[in-house]
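Hi,

Here is the structure I promised to pass on. Have a look at it first, and then read on for what turned up around the ligand and in the pockets.

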Amino acid sequence: MRSGFVSVAGRPNVGKSTLVNALCGGKVAIVSDKPQTTRQRIFGIANGDDYQLVLADLPGFQRPQDALTERMQHTVDSAFEDVDCVLFVLSARERIGAGDRFIAQRVYSLGVPVVIALNKVDRLKPSHIAQQMQAAANLGPFHALHPVSAKTGDGIAELRDELVGLLPEGPLYFPVDQKTDLSVEAQIGELVREKALWLTRDEVPHAISVEVDELDDKVLRANLLVETESQKQILVGKGGSMVREIGTKARPEIEALLGHPIYLELMVKVRPHWRRNDAILERLGL
Ligand SMILES: Nc1nc2c(ncn2[C@@H]2O[C@H](COP(=O)(O)OP(=O)(O)OP(=O)(O)O)[C@@H](O)[C@H]2O)c(=O)[nH]1
Ligand SMILES: [Mg+2]
């Protein structure tokens, strides 16, 4: 039995969460086209007959701007102790540059193998992929480099085999039927937030947080927190259309997670400057 922990490093939006989901064979982390989607460390657990691979999905490396992003970067900074390997994710669709070099400095000094996933190679020209592979290789002494598409699944099985091969012999850290370490309430909050991110843009996605207020066999009440009255108006939408659509999009996944139908009530609430408020951040588990 091989088992161990792999932390996932990379800039915001390169596809870390999509990749963790692909490696785990199911959704553990939410995904959106807005940077800073992931706000906390989430374990995604991939089980095989003779292995347990625990992937720590993380926020992207960033320069903190408020208490929230400070906490996010702290989460990242403390996620590389006691790992068996680092999965360094790069996007083949973006210039590999200063941000990636900054992360490289960090991960190549840890003394554990670094496996690079060059993600988003779907529908790219082979010559472009080759160029990006060279740029990725130049970042440091990597153990292996895998061009993959987390979206189409290309190269994922090979990448998984590579990571499992780097794990030491060890015990099961989680029951084999467990896919993530997030509580059910936290998973529900994330699913609701994901739909809200999909439907909003500009500064609004960053100002949204979700807290589950009440959950029993029949009823789920959750609050969408925003910072200003105008953000609230956007999330509520004309005659409540936006918040209704968020609920409609989130419900099937929530019901699948719970295993039964649920009465879902979403409320939009203004919490001025919640991103700077340590007590609220604490309560949100951030
Ligand atoms: N074309 C393509 N798009 C991808 C691929 N992987 C992820 N994406 C898209 O890239 C965007 C960001 O994906 P995420 O998985 O949320 O990225 P992340 O690195 O976790 O982002 P943060 O949590 O914000 O740091 C989403 O729109 C994904 O659909 C891929 O292999 N190919
Ligand atoms: Mg993410």
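A quick definition to start: a polar contact here is a pair of N or O atoms within 3.5 Å; within protein, one must be able to donate a hydrogen and the other to accept it, and residues adjacent in sequence count only if both atoms are side-chain atoms. With that in hand, the side chain of K16 has an N or O atom 2.8 Å from an oxygen atom of ligand 1.

Before the rest, some housekeeping. This is a predicted model, where local features need pLDDT of at least 70 and side-chain atom pairs count only at pLDDT 80 or more, while totals for chains, interfaces and linings use all residues. Residues are numbered from 1 along each chain as its sequence is written, chains are lettered from A and ligands numbered from 1 in the order in which they are written, and side-chain values use heavy atoms, with hydrogens and water left out.

Back to ligand 1. T38 puts a polar side-chain atom 2.8 Å from an oxygen atom of the ligand, and A150 brings a backbone N or O atom to 3.0 Å from one. On its own the ligand exposes 660 Å², and the protein buries 92% of that (areas by the Shrake-Rupley method with a 1.4 Å probe; for residues, only the protein chains shown count as cover).

There are 23 residues around ligand 1 (a heavy atom within 4 Å), and K16, T18, Q36, T37 and D122 come nearest. Helix α1, residues 16-24, supplies the largest share of that shell with three residues (helices are DSSP runs of H or I, at least four residues; strands are E, at least two; both are numbered from the N terminus). By type, the shell has five nonpolar, 11 polar and seven charged residues; Gly counts as polar.

Everything runs on a 1 Å grid over the protein atoms alone: a cavity is a set of points where a 1.4 Å probe fits but cannot get out, a pocket is an open set with protein on both sides within 12 Å along at least five of seven lines, and lining residues have an atom within 4 Å of a point.

Of its 16 lining residues, Q40, A186, V210, E211 and L284 are closest to the centre. Helix α6 gives the largest share, five residues.

Finally, there is one cavity of 30 Å³ or more. Its lining includes K34, R39, R193 and H206, and splits into three nonpolar, three polar and three charged residues.

Cheers

Technical notes: Points joined across faces, edges and corners; volume = space filled by probe spheres on them.
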